[in-house]
Amino acid sequence: MDITLKSPNEIEKMRIAGAATARVLEMIEPYVVPGVTTEELDNIMNDYIVNVEKAKSADLGYQGYPKATCISINEVVCHGIPGPHKLKEGDIVNIDVTVLKDRFHGDSSRMYIVGNHTSPRNEQLCKCAQESMYEAIKTVRPGSNLADIGDAIQKVADKAGFSIVRDYCGHGIGIGFHEEPSVLHYRNNENLILQEGMCFTIEPMINAGTYKCRTNRKDGWTVTTADKQPSAQYEHTLLVIPNGVEVLTLRKDEDFPRIITH
Ligand code: MF3
Ligand code: CO
Ligand code: CO
């Protein structure tokens with residue numbers, strides 16, 4: 001295994017990339033309304049990343065991916081490709097943004113509820129995905145085990161009666177978009193002790209029904225739940241610091257600490 005430990009200078013660049021990523025998700029919030037197309041949202045975010053943040057989308061061209069962001073609606077689990085589809089009242093939407101700034105990556109996603117209401121079940125699903133990510137973040141510190149993350153997420157999902165996607169993981173991040181290690185979101189026996197200077201994402205995808213997924217054969221990207229029931233995801237980029245964790249992509253709208261120390 002080759003896990004990079006970031007130097008103080010690299011950590012500063014990860015902070016800058018993470019903060020830019022967080023601002024994209026803050027900036028786009030008022031535009032996520034009924035009637036807007038996902039392509040319009042993608043264009044607004046790309047323009048902002050390029051012109052305001054003086055950065056680049058890491059998604060654009062990644063393994064041939066055609067757009068700047070991923071926008072995944074309702075039963076779409078991840079990698080939804082922005083297009084002419086219009087959002088409607090009650091949709092639950094994940095926007096996943098990865099910014100590349102000064103050679104380093106920040107990667108984060110959150111759910112948005114379109115309009116004023118969605119179903120109680122959709123609300124619970126979004127809350128569960130966010131809470132499971134927060135509980136997992138709380139386990140992160142030097143000396144803790146990577147497997148504690150999956151354990152924490154599993155507890156929250158089990159309690160709510162939802163399932164956890166197994167086909168996609170969190171990942172180390174830095175100069176590489178997807179570095180080692182893979183971060184499993186379900187209970188597992190990986191045995192990796194965390195060290196100061198590691199950076200990785202936690203990005204649980206929680207499904208209302210089955211955990212099983214399908215990839216669209218025509219576009220090669222869009223992942224949906226096998227049973228067409230809804231899915232929700234949150235993602236943060238994290239840094240292991242002395243005695244704890246720093247959330248590099250924390251937003252202003254969150255009620256969660258940037259730094260946790262023990
Ligand atoms: N942002 C996604 C992740 O969390 C990856 C998207 S890759 C893309 O790892 F090509 F679909 F954009
Ligand atoms: Co990621
Ligand atoms: Co992402």
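**The cobalt site**

Modeller: The cobalt ion (ligand 3) and the cobalt ion (ligand 2) sit 3.3 Å apart, and Asp 107 coordinates both. Asp 107 belongs to strand β5 (residues 104-113). Glu 235 sits in the loop between β13 (231-233) and β14 (236-241). These two residues are 128 residues apart, so the pair links distant parts of the chain. Keep in mind that this is a predicted model.

Now move to the cobalt ion (ligand 2). Which residues coordinate ligand 2? Asp 107 (OD), His 171 (NE2), Glu 203 (OE) and Glu 235 (OE) do, at 2.0 to 2.2 Å. The ligand 2 site also has six donor atoms, and its angles run from 50 to 160°. The site of ligand 2 is irregular too. In sequence, the donor residues of ligand 2 are spaced D-x63-H-x31-E-x31-E. His 171 lies in strand β7 (residues 170-172), and Glu 203 lies in the loop between β9 (199-202) and β10 (205-207). Those two are 32 residues apart in sequence, so the pair ties together separate parts.

Two backbone details come next. A cis peptide bond joins Glu 180 and Pro 181, with omega at about 0°. Pro 181 is in strand β8 (residues 179-183). Asp 102 has a phi near 50°, a positive value in a residue other than glycine. Asp 102 sits in the loop between β4 (92-101) and β5.

Then the helix pairs. The axes of α3 (residues 120-137) and α4 (residues 147-160) come within 8 Å and cross at roughly 150°. That makes α3 roughly antiparallel to α4. Their crossing is right-handed. From α3, Cys 128, Glu 131, Ser 132, Glu 135 and Ala 136 take part in the contact. They meet Ile 149, Ala 152, Ile 153, Val 156, Ala 157 and Ala 160 in α4. By class, this contact has eight nonpolar, one polar and two charged residues.

What about α1 and α2? The axes of α1 (residues 8-28) and α2 (residues 38-52) come within 10 Å and cross at roughly 135°. α1 and α2 are therefore oblique to each other. α1 passes α2 in a right-handed crossing. Arg 23, Val 24, Met 27 and Ile 28 make the contact from α1. Leu 41, Ile 44, Met 45, Tyr 48 and Ile 49 make it from α2. By class, the contact of α1 with α2 has eight nonpolar, no polar and one charged residues.

Technical notes: Residues numbered from 1 in each chain as written. Chains lettered and ligands numbered in written order. Predicted model: local features only at pLDDT ≥ 70, side-chain atom pairs only at ≥ 80, totals over all residues. Heavy atoms only, no water. Axes fitted to C-alpha atoms, helices over the stretch in contact; angles between N-to-C directions. Helix = DSSP H or I, 4+ residues; strand = E, 2+ residues; numbered from the N terminus. Parallel < 35°, antiparallel > 145°, perpendicular 65-115°, else oblique. Left-handed = near helix turned anticlockwise from the far one by under 90°. Contact = heavy atoms within 4.5 Å. Nonpolar A, V, L, I, M, F, W, Y, C, P; charged D, E, K, R; others polar. Donors = N, O, S within 2.8 Å, 3.2 Å for Na, K, Ca; no water. Tetrahedral: all angles 85-135°; square planar, octahedral: opposite > 155°, others 65-115°.
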